[in-house]
Amino acid sequence: MNDKSTNNTVAKPSSAKTTARKVLGWLAGILLALIVIIVGCELAGWPFLRQPLQDFTSKTLKREVVIERPFHLQLLGGLRLQVGHLKISAPEEFKVPYLVDAHGLDLKLRYRDLFELKEGQAYRIKNIRAEQLDAYMKRDSKKHATWDFELDDSGPSRPFPFIEELSVSKGQATIDDAVTKATLTATFYTEEGAHLKTPESSVKVKGEFGKRPLQGELVTQGFLPVATQGKDSAPINSKGWLKYGAVNFKFDGAVYDLFGGQRVKGKLNVDGPSLADVGDLLDLAFPRTPPFRIAAGIEKNTNQWKVNVTDAKIGQSQLAGQFVYDYGDLKPKLTGDVKGPLLVLADLAPAFGAPVATDKGTSNKKPGKIFPDESLDFASYDRMNADIKIHFDAAELGSVFKERISPLDFQLTLQDRKLTVAKLYAGTEQGSLSGALLIDAPEASTEAESDNPPLPKWDIQLALKNIQLEKWLKVKPEDQPANKDKDKKQATKDAPAYITGQLNARAKLQGQGRSTAALLKSLNGQLALMVRDGEISHLVVEAAGLDIAQSVGLLLRGDHSIPMQCAAMGWHAKQGVLTPEAALIDTPVTTVYIHGNMDLGEEQFNLKLQANPKNFSPFTVRSPILVTGPFVDPAVSISPGPIAARVAGGVLLALVTPFAAILPFLDPGSSETQENNGCQATLKQLQQKK
């Protein structure tokens with residue numbers, strides 16, 4: 001019995017060992033089978049995971065995703081995915097073939113980069129390669145885009161992935177943006193990474209932007225440093241050019257942190273037919289100008305552009321300036337200072353609708369008209385706010401003016417669609433020009449007004465004070481082109497000025513309209529001018545094509561001028577028609593009264609100059625002189641019919657009150673001073689006739 005028990009005791013351990021060996025064998029077999037399967041799947045590239053991965057990606061992105069063979073996935077030593085063809089669809093409403101279409105895609109990741117990834121950090125990708133990469137980037141007018149994904153991600157946003165190596169042999173993106181009205185095709189390639197000593201990337205773009213052709217190229221030392229470096233990383237040298245319509249941009253500098261602060265620093269050269277074209281490209285409110293060229297240093301940080309214009313020529317004007325464009329607020333704002341040696345006034349004319357000098361065979365004026373009727377771009381007023389101080393050492397006014405304005409200062413502001421030229425001051429010969437201009441261009445308040453918004457309202461206030469006419473204007477024959485005839489040249493040299501004296505003038509006008517012509521047609525307000533201590537020459541009469549014997553009653557002898565005791569005119573503007581309330585030229589021998597009107601809208605003269613001699617003269621003619629016809633070609637003639645009698649007393653008396661109002665309007669508070677004694681004497685003479 002003891003032997004039997006002993007045998008049973010020995011048999012049990014032997015059986016347990018056998019069972020354990022069998023279990024271990026089975027486990028080893030299973031493990032070996034798993035290893036064989038895994039190795040087999042690894043060698044085969046896990047082809048059966050293609051469909052699940054495609055379904056999972058489609059569900060996650062909420063887009064149709066197609067992953068086509070050849071498909072090869074490696075899991076040992078890191079993740080590597082090789083796909084023959086990857087296509088991600090775009091939303092059906094956009095009617096484009098896809099969002100992304102990639103061929104020959106190769107993606108590598110390291111496990112440690114995934115395991116060590118912390119919340120909010122950027123994904124780190126070892127390598128991305130693509131033989132061909134195409135994309136359709138489309139956005140509609142409601143700002144819905146093909147690249148918008150409805151991802152359920154409640155975690156913190158991550159920065160742009162850090163990619164160590166990137167290679168795209170042939171890339172293309174089709175861009176169709178209804179917001180910016182852009183239809184572009186971009187082609188690009190890149191071969192970069194730490195394994196290359198001289199990485200290089202290039203992107204070329206061609207198409208239309210805002211109904212103008214656009215093309216350009218940017219070459220940089222790789223896209224990756226630009227996209228993945230942080231704010232403290234070294235800049236990446238970049239060069240590029242862009243042609244927008246007829247505007248040319250050239251950039252040489254550095255870009256970095258493109259998907260962070262998007263910083264840029266470098267030199268920029270721009271030239272083109274008008275600054276307004278640059279404004280259209282950059283969505284800024286720039287005026288229409290003559291051809292220009294600008295050299296500037298630019299620097300961009302998170303919320304601002306800083307621009308240092310070192311040299312600029314706009315038409316014939318020369319200037320420089322420093323600007324800050326802050327786009328961090330709801331509406332961007334441009335601030336700065338402009339300084340320059342010279343402003344040519346004609347260079348401002350295109351901003352008010354005049355033709356640009358380089359426009360050949362085109363005109364924005366009606367035939368036989370002076371003032372342009374082209375609509376100005378008031379819609380651009382909504383693009384930004386602005387506050388710019390402007391100073392020019394001198395301003396060239398044109399061929400009629402002998403002297404330049406020096407200096408010229410004003411402040412230009414744009415706030416909530418209201419453009420203001422304030423603190424205007426211009427020094428002239430022994431005088432000054434000051435004033436302000438306000439243009440209020442309200443936006444449409446209802447959808448019904450969107451196609452026809454309210455008319456812009458204009459408010460103009462200008463004042464000229466103590467300007468010496470003979471020194472400021474070309475008012476002598478010698479000021480005109482030289483005459484080759486020696487005797488005639490000497491005669492004109494000795495001739496007196498057409499008109500001399502100190503000019504004072506003032507205007508307070510309001511109007512509305514989208515063009516200069518429309519504004520003038522709507523003007524309401526007052527305009528007055530006065531010349532004191534002046535003289536007028538008989539050459540003025542000769543220039544009008546009239547015989548001296550048919551003059552306005554000025555008894556002139558030889559080439560001598562005759563003093564003007566008073567020359568003052570007060571005009572009332574109503575719906576663009578200027579009517580003289582009191583307008584006269586008073587000399588020791590004759591007083592000339594001006595009646596009629598000037599129609600600014602129709603650009604027509606309808607004036608009558610009536611003389612009232614103070615003494616009898618055989619050369620005195622009492623028939624009125626008529627100035628009629630269009631501004632571009634007025635006619636000066638003697639009124640037909642018998643010689644008229646003296647001006648009726650009622651007409652003279654009617655001038656007293658409005659004439660008395662001109663003097664304080666021109667120089668408030670000083671109408672009784674010695675400065676105005678000439679016109680005060682004329683006023684007393686009129687009052688004595690009552």
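1. Two aromatic rings of Phe, Tyr or Trp (taking the six-membered ring of Trp) count as a pair if their centres lie within 6.5 Å, and planes over 60 degrees apart make that pair edge-to-face. In this model, which is predicted, the structure holds nine such aromatic pairs.

2. One of these pairs brings together phenylalanine 378 and tyrosine 381, whose ring centres are 5.4 Å apart and whose planes stand at 75°, so the pair is edge-to-face. Both phenylalanine 378 and tyrosine 381 are buried, and for phenylalanine 378 the relative accessible area is 7%.

3. Phenylalanine 378 also forms an aromatic pair with tryptophan 458, again edge-to-face, with 6.3 Å from centre to centre and 90° between the planes. Because phenylalanine 378 lies in the loop between strand 15 (333-344) and strand 16 (385-392), while tryptophan 458 belongs to strand 21 (residues 457-468), this pair ties together parts that are 80 residues apart in sequence. Tryptophan 458 is buried as well, its relative accessible area being 5%, and ring pairs link Phe378, Tyr381 and Trp458 into a cluster.

4. The surroundings of phenylalanine 249 can be listed in some detail: leaving aside residues up to four places away in sequence, phenylalanine 249 touches Gly240, Trp241, Leu242, Tyr244, Leu268, Asn269, Val270, Val278 and Leu281.

5. A disulfide is a covalent bond between the sulfur atoms of two cysteines. The count here comes to one disulfide, which joins cysteine 566 to cysteine 679 with an S to S distance of 2.1 Å. Since cysteine 566 lies in strand 25 (residues 566-574) and cysteine 679 in helix 11 (residues 677-688), the pair ties together parts that are 113 residues apart in sequence.

6. Is this disulfide right-handed or left-handed? The torsion about the S-S bond of cysteine 566 and cysteine 679 is about 90°, so the disulfide is right-handed.

Technical notes. Residues are numbered from 1 along each chain as its sequence is written. This is a predicted model: local features need pLDDT of at least 70, side-chain atom pairs count only at pLDDT 80 or more; totals for chains, interfaces and linings use all residues. Side-chain values use heavy atoms; hydrogens and water are left out. Contact means heavy atoms within 4.5 Å. Rings of Phe, Tyr and Trp (its six-membered ring) pair if their centres lie within 6.5 Å; planes under 30 degrees apart count as stacked, over 60 as edge-to-face and the rest as tilted. Buried means under 20% relative accessible area, exposed over 50%, partly exposed in between (1.4 Å probe, protein chains only). Helices (H or I, at least four residues) and strands (E, at least two) are DSSP runs, numbered from the N terminus. A disulfide is a pair of cysteine sulfur atoms within 2.5 Å.
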